[in-house]
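Please look over the sequence and the view below before reading on.

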Amino acid sequence: MLEYTPDRRPTGGLRLPAHKEASTAQPIARGFVPGTLILALQQHQGPPTTPVVRRGERVLKGQVVARARALRSAAVHASTSGHVRAIEDRLVPSVHAIHRTRCIVIDADGEDETRPGSGAAWPKDPEEQLEHIRDGGIVGLGGGVFPTAEKLRPHTPCKVLIVNGVECEPYISCDDMLMREAAAEIIDGALIMRDLLAAPECIVAVERDKPQAIEALLEAGRASGDASLKLADIPTVYPTGGERQLVEMLTGEEVPSTHYPSEIGYICQNVGTAYALHRLVRAGEPLLSRVVTVAGEGIARPQNVETPIGTPIGELIEFCGGYVGDVDRLILGGSMMGYALPNDEMPITKGSNCLIAAVRREVRQDFSERFCIRCGNCATACPARLLPQELLRAARDNDHALLDEFGLNDCIECGCCDVICPSHIPLTEVFRNAKFAHARYQRQEVFSAETQQRFKRHEERKRANVQRGKARQDHLRHEVETDEAARQKAIEAAIKRARQRRGNDSDAE
Amino acid sequence: MQFDVAPGPHTAPIASVPLTMRRVLYALAPAAFAHVWFFGSGFAINFVVATATALAAEAAVLRLRRRPTRVPLNDCSAIVTAALLSFAIPPLAPWWIPAFGAASAIVVAKHLYGGLGRNLFNPAMVGYVVLLISFPAELTQWIPPRMGDLDYQHLGFLAHLSYSLTGALPADITIDALTRATPLDLVKEGLRSAQTYSEIRAGSLFGGIAGRGWEWINSFIALGGLYLLYTGTIRWQIPIMLLVGLLFPATLLWLVDADRFATPGFHLFSGATLLGAFFIATDPVSAAESDRGRLIFGAGIGFLTYCIRTWGGYPDGMAFSVLLMNSAVPLIDRYTRPRIYGRN
Amino acid sequence: MLIGTVVLAGLALGLCAVLVLTDRLLPAGRDPVAEQVESLLPRIQCAQCGYPGCRPYAEAIAAGDADINRCPPGGEETVRRLADLLGREVPALDTTLGNASMNRVARIDERNCIGCNRCVPVCPVDAVVGVQQTIHAVIAAHCTGCELCLAHCPVDCIDLVSRDA
């Protein structure tokens, strides 16, 4: 396996304090069995799944509880054994926000009894293989939760498969620990993906501040003896792990604003997804758990935990020794792109990679903002090369033409501008809100333009109708006035019509 | 358990305006002490007067504009303006000179344009130019630096203070006996009256590279500039390109005719070159916003300064160059906008 | 004195010529005022401003014949934008004109519709479909909520409902 250093420097970005020491000090904790499971029917990007269990039914670990009906979907499995308590709406944290969505709530019986047999074998036919992956419930575990089967069926031939081990956001260390402990499995999963995609090249990208992970991966890569594998060590700059940023870093190509990386031949898959795929293919085990980093100064034992999907956050916190000190904020995700949770009753989903119980001094408290002093540091830090200060002005003025020009929708909401702003302007939040308003405005504009066209056609038709009527009248009048025979004929016709009408009327009587 | 929520990102900000401004003040401190050592306590008096006026003017205008006063006042930006202005005016000046300059800087250049962050022009330089045009006599009264062998009259703190407040000097000294032309003046006048550069350089006010005393002050300013670069308070584009824009034509012309043009070293260590490069042109509010734009902005200031020094009517041209390039900023920004990721 | 006069006059004339030429030769950077005004209006053709459509109203504004506060569906936001564009004070929205809103659409109650076909031709955007003697219906995606059809219904079977409902 070839190790190399890409010769490009990341665009923008920040070097942030990592806060990963505490959670990487001990191996991943395994064998945690929660008392309750809250399994959301929609834990992926795409249409929700359909439940196939009933209230009161006993389910076993690994059993499908909700089936994927659509292509862009992924099944949900019971991650431990127990009884279905209810199928009801619950608040569930999804990719960007909390949603109310239907969930299967299971009371675990603590026996953790596995479904007999090891599930279906790995089929030979590629289409069936993809279906197998969908039924195995596998989605992108980096946080995007895009159904993996769908991503492995690109419309453009794949040039490079990028296995993303660039875990650049502060606090998160679940991928790092997984790479250290299960490098061979990850490499195997990557090779399965590469075969499915028929990709000529496979690059595993890892940040330079993870020497143990790099070492383990190199060893596993050498052991696999595969020549298409490469390992790229990436500078430790946030947010190089973003798909678009990583593609630019590794290939020098920019993903056009209007496209996904897969549409230009680059498929990015998270290392956790590769691991899950390995488990599914080699052991017949669907996606039942994921590694979650539990971090922050407000947690007694910060560590990485192999957590069954659907575990209530509170139970996971308990497993890590509970809260210590005055926990100010509970953050799901990293400290840059994660969001604060109002309580710890919501479940861990397939996309939850990190949980931070933060005390006051760890998180942003100062929300008083000053005037922008145009220092331009935000533009320097922006990985999308936007001008946040100009965008801010456009957003606050509701100037939609300028918002388009300055690329509001190219903002990836990484938060770099926000953190570096000396005037403490909440840029990311302004942009997030502006995106909603902008989308609404654009819909409105399209509607208005269409309406204008319809009105124009309506008016034209009305005018044309009037003219046509007038032309016909003119024609008749002209005929009648010039031709005596026609005049007689017209009079007769009128008399006949009148008679007929009178006749009809008498019939009716 | 329930928790308070707040919008992300949750990472605490790593910079703040007051911190930036304080760093600028720290960076200016060594040069300020050098200034006091070489030219007497005049600088300190000017700084105090300018700061007091600047803060008072800021408070008054904010009150008039019905804006909160506490936050803008404690961001130290008015003090930075006052400090930069104090470096620009002669140490021996009546009190109303720094006061008038600081008031113009804050009221006209800063608040008439909408306050910190909205001003098109560098406030300190507007203040200085207003003074330079309105009171040319007072603005050229420089005293010679404190050097053992120079014919110079040391004035104590009280003498400076009394001149500042009342215009009265100690009985046996006249103002003409005190003041000397600055090295930049001497070079300009000398070259104009057909002296060669080396003849001018032979004067007692000149040291190894440029004016004596000035070399030291400017070295300390450069040191402060390096501190700002090191702490990331300023970025390299403007200072480096400003120096390139100034030193490139200076070197070229000096190589062509060493008699009629001053050495690049002289330009580097004279007048406001280093102050301008590290402290004035780098004012983020009035500078270009993109990195590429800043290269052009800096180079423009350097080049214009050289032109004004060599062919213009004023001995130094930093203030005018900065203001001219400030007015070009919207244009520069327009043409140096970075290409957005993924767009053609 | 004479030289100065000649030079300055020449300069003035020369610059005039440059201005005139650039105006003639370079493509116009801005649309005519009426078009710009129209682009700021909601363009839903409700006619509540008293003009038979958004374009005539825009032309009246551009000509200075109409106030800029006569567009109920556009609301305060539109008034503000128009004031911005035309450099005028922001007047209060004239609320007496009507309360058309882009958030609502017309709906025909099928139980009461008699198929009289009177509402079909008055719809400015052809959002009502149906022929004589059949029950009519509104294409919600095309309806602008302009309320023009309401007055023409003899049996009062059209009401406005929220667009999302």
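## Contact between chains

How many residues of chain B are in contact with chain A? In this predicted model, 35 residues of chain B are in contact with 55 residues of chain A. On the side of chain B that touches chain A, 18 residues are nonpolar, 10 are polar and seven are charged.

Two pairs of chains are in contact, and of these chains A and B share the most contacts. Chain B and chain C, by contrast, do not touch. The nearest C-alpha atoms of chain B and chain C lie 17 Å apart.

## Domains of chain B

The domain assignment divides chain B into domain 1, covering 16-179, and domain 2, covering 186-332. Taken over C-alpha atoms, the centres of domain 1 of chain B and domain 2 of chain B are separated by 21 Å. Their contact involves 29 residues from domain 1 of chain B and 27 residues from domain 2 of chain B.

## The side of domain 1 that touches domain 2

Which helix gives the most to the side of domain 1 of chain B that touches domain 2 of chain B? Three helices of chain B, α1 (17-39), α4 (77-88) and α6 (123-134), each supply at least two residues of this side. The most comes from α1(B), with 10 residues.

By class, the side of domain 1 of chain B that touches domain 2 of chain B comprises 22 nonpolar, five polar and two charged residues.

Note on methods: Residues are numbered from 1 along each chain as its sequence is written. Chains are lettered from A and ligands numbered from 1 in the order in which they are written. This is a predicted model: local features need pLDDT of at least 70, side-chain atom pairs count only at pLDDT 80 or more; totals for chains, interfaces and linings use all residues. Two residues are in contact if their C-beta atoms, placed from the backbone, lie within 7 Å. Ala, Val, Leu, Ile, Met, Phe, Trp, Tyr, Cys and Pro count as nonpolar, Asp, Glu, Lys and Arg as charged, and the others, Gly among them, as polar. Domain bounds come from an automatic or database domain assignment. Helices (H or I, at least four residues) and strands (E, at least two) are DSSP runs, numbered from the N terminus.
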